[in-house]
Amino acid sequence: MSENVYEPPKVWTWDTASGGKFANINRPIAGATHKKDLPVGKHPFQLYSLATPNGVKVTIMFEELLAKGIAEAEYDAHLTDIGEGEQFSSGFVDVNPNSKIPALLDKSGDKDVPIFESGAILMHLAEKFDEFLPSEGSARAECLSWLFWQVGSGPFLGGGFGHFYAYAPEKFEYPINRFAMEAKRQLSVLDIHLAENTYMCGDDYTIADMAIWPWYGALVLGRLYDAAEFLSVHEYKNVQRWANAIDERPAVIRGRKVNRTWGEEHEQLRERHDGSDLDRK
């Protein structure tokens with residue numbers, strides 16, 4: 001046996017940092033690490049997030065609702081710096097015990113409603129405002145199927161391929177090959193489906209598109225993990241067409257900026273507390 005082959009112990013223990021980009025915040029236990037209340041703005045919805053693909057799903061949804069003239073969807077977007085461990089504050093954990101962004105506090109009713117997991121937030125908002133989610137029948141079933149396809153598939157792209165290709169402290173052939181294969185299989189699933197559909201659910205733009213685009217759209221547009229060439233994303237012509245069409249939507253352009261603190265300056269908006277914050281960018 002090669003001396004470089006890892007032999008797992010009988011019982012795993014957390015005795016060393018895992019290495020890689022996010023080693024400083026990775027730990028095998030849940031719960032708050034420090035006491036800090038969350039800020040609360042003036043609007044009905046309080047979003048605590050960062051412009052990762054999962055965060056972008058929700059800011060796009062809010063901007064799309066506002067673009068339809070739904071003033072009741074006004075929101076404050078507070079930056080949560082996950083690199084600094086702000087998702088482990090007592091206030092954040094009260095909203096999301098899983099300590100992941102995005103987390104939403106719906107203050108529009110008699111009682112505050114915390115919602116976590118991006119798919120759940122999209123569904124909550126879609127049902128609350130009766131927008132971007134068919135109300136019944138096969139159309140609703142298809143939309144929810146694709147929404148949960150992303151929820152289930154995304155970790156293989158992000159935590160799988162993205163981690164080992166872009167963030168792991170060393171490059172290893174086996175995990176990169178394993179997850180590259182899966183990422184390309186998922187792109188193939190999308191490409192076949194989009195060959196016969198304008199959007200994920202036919203001719204209608206829905207929360208399924210809002211969930212899938214920040215991951216797979218960003219990937220084929222060359223914005224994710226610097227992996228476009230490696231994964232030959234040019235092969236997926238139908239995904240490219242779909243991704244570019246959504247990329248041009250004004251609400252998507254606005255939503256991508258919210259809680260973004262990297263990239264071109266005109267694409268960044270650290271926090272959003274009013275529509276005019278985006279108009280100034």
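This is a predicted model: local features need pLDDT of at least 70, side-chain atom pairs count only at pLDDT 80 or more; totals for chains, interfaces and linings use all residues.
Biologist: At which residue does helix H4 bend?

Modeller: Helix H4 covers residues 137-167, 31 residues in all. From first C-alpha to last, H4 reaches 42 Å, close to the 45 Å expected at 1.5 Å a residue. A proline, Pro155, follows within four residues of the bend. The bend is about 35°, and the residue is Ser153.

Biologist: Which residue of E4 is the bridge partner of Ala103?

Modeller: Strands E3 (residues 103-106) and E4 (residues 113-116) run antiparallel and are joined by 4 bridges. The two strands form a hairpin, with 6 residues between them. Within E4, the bridge partner of Ala103 is Phe116.

Biologist: Which peptide bond is cis, with omega near 0°?

Modeller: Most peptide bonds are trans. The proline concerned, Pro102, is found in the loop between helix H2 (90-95) and E3. The cis bond runs from Ile101 to Pro102.

Biologist: What is the phi of Asp130?

Modeller: Most residues other than glycine have a negative phi. Asp130 sits in the loop between helix H3 (118-129) and H4. Although Asp130 is not a glycine, its phi is positive, at about 55°.

Biologist: How many aromatic pairs does a search of the whole structure find?

Modeller: Ring centres must lie within 6.5 Å to pair. Applied to the whole structure, the search finds a total of 13 aromatic pairs.

Biologist: What is the geometry of the aromatic pair of Phe45 and Phe62, and how far apart in sequence are the parts it ties together?

Modeller: The ring centres of Phe45 and Phe62 are 5.5 Å apart, with 55° between the planes, and the pair is tilted. Phe45 lies in strand E1 (residues 45-49) and Phe62 in helix H1 (residues 53-67), so the pair ties together parts of the chain whose separation in sequence is 17 residues.

Key. Residues are numbered from 1 along each chain as its sequence is written. Side-chain values use heavy atoms; hydrogens and water are left out. The expected span of a helix is 1.5 Å times one less than its number of residues. The bend at a residue is the angle between axes fitted to the seven residues ending there and the seven starting there. Two strands pair if DSSP finds at least two bridges between them. Rings of Phe, Tyr and Trp (its six-membered ring) pair if their centres lie within 6.5 Å; planes under 30 degrees apart count as stacked, over 60 as edge-to-face and the rest as tilted.
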